[in-house]
Amino acid sequence: MWSAAEGFWLRLAQRIAPYAQLARWDKPTGTWLLYIPGAWSIALAAGLDHASPQTLCSDAGPKEHSPLTLSSPLGSLSLQGAFLLGSFLLRGAGCTVNDLWDRDIDRQTTRTKQRPLAAGRLPVGHGIGFAAAQTLAGLPILLWISTPTGQQVYALVPATLYPLAKRFTMWPQAVLGLTFNWGVLLGWSAATDGQFDWRVVLPLYTAAWCWTMVYDTLYAHQDKRTDELLRVGSTALRFGDVHTKTWLRGFTTAMLVNMAVVGIVSEQPWPFYVGTLCMGGHLFHQLYKVQLDDPADCMRQFRRNPTAGLMLLVGIAAANWWRWRQGKNRQATRSSE
């Protein structure tokens, strides 16, 4: 009886394994990278919503809120949880779609030739069905967060174009940046009921895009030799080994400048800037250490990026807590007068 049960679970695991590999369930880095920009946006919007009246300027005009009603330094925890779950599901769907498009390329690439579709362990029809199932599973989350439907539809455009971009341009990482950071817009909209402060949102989105250019160019350096033979584009090939680090230092600097704009416009206290500088320092250290001709080291540095992004998220949360404490202290002072 025990052996029969063991056999059942073994067969089940063997059947699930190709789908888990297709969705990259064993490689959570991409899920974190998809989630973190949205988490920044939700936390920033929560802090501004409870800041001084002159700090928040939306399409509906300035709003005044009590500094004592901040639910958490990260904003709505249910919203953060929904974004994390949605990132898991939709990243898996995106990886599946990418593998459907790239299965012929993957067969000729050492790093990817054992992926389920490339290796023939799953038929194409199963891959299409699995991509659809993951997308449908993520749909209720998109509906629950109550963002305008148009934003959800627009997000599908770059997501669909990305797997094709490498066939027509040397800048597919730029297209990925548009896709992976759409959570900045969705997160802000969900946290503020669609009241955008574009002075904050646009530089935040730009900063996140610059970050994507850094980490995905490092990722692309793993496959640059095969990509060159197959005539597949990437910024790793566009920048070349000699100039990649110069370009990526430039994108890192641009990210820091845009985050400084976010901080100035939204009147952030000092913890925000500490988090920003920690993230910037982490990225510059990656670029100092990475060996671009060593695929294993490129992957190692790529996998450090969720830590970099979480540094900034901690800084935003600390800034929200600091602002909340300052507001509470001011209210206590007024009450005692």
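Me: Which residues is Q268 in contact with, leaving aside its neighbours within four places in sequence?
Reply: This is a predicted model. In it, Q268 is in contact with L44, L48, G263, Y273, A319 and R323, leaving aside neighbours within four places in sequence.

Me: Where does Q268 lie?
Reply: Q268 is in the loop between α11 (235-265) and α12 (270-289).

Me: Is Q268 buried or exposed?
Reply: Q268 counts as buried, because its relative accessibility is 7% and the cut-off for buried is under 20%.

Me: Which side chains make a polar contact with the side chain of Q268?
Reply: S266 is one of them, at 3.1 Å. The side chain of R323 also makes a polar contact with that of Q268, at 3.4 Å.

Me: Switching to confidence. Where is it lowest, and where highest?
Reply: Strand β2 (residues 61-62) is lowest, with a mean of 44, and α12 is highest, at 98. The protein averages a pLDDT of 86, and 84% of the residues score at least 70.

Me: Over which residues does pLDDT stay under 50?
Reply: Residues 52-68. The model has 37 contacts beyond four places in sequence for that stretch. Where pLDDT is low, the predicted coordinates should not be read in detail.

Me: And overall, how many helices and strands?
Reply: The protein has 14 helices and two strands. Of its 337 residues, 51% are buried.

Me: What about the accessible surface?
Reply: About 16100 Å², with 65% of that belonging to carbon and sulfur atoms.

Key
Residues are numbered from 1 along each chain as its sequence is written. This is a predicted model: local features need pLDDT of at least 70, side-chain atom pairs count only at pLDDT 80 or more; totals for chains, interfaces and linings use all residues. Side-chain values use heavy atoms; hydrogens and water are left out. Helices (H or I, at least four residues) and strands (E, at least two) are DSSP runs, numbered from the N terminus. Buried means under 20% relative accessible area, exposed over 50%, partly exposed in between (1.4 Å probe, protein chains only). Accessible areas come from the Shrake-Rupley method with a 1.4 Å probe; for residues, only the protein chains shown count as cover. A polar contact is a pair of N or O atoms within 3.5 Å; within protein, one must be able to donate a hydrogen and the other to accept it, and residues adjacent in sequence count only if both atoms are side-chain atoms. Contact means heavy atoms within 4.5 Å. pLDDT is the predictor's confidence in each residue, from 0 to 100.
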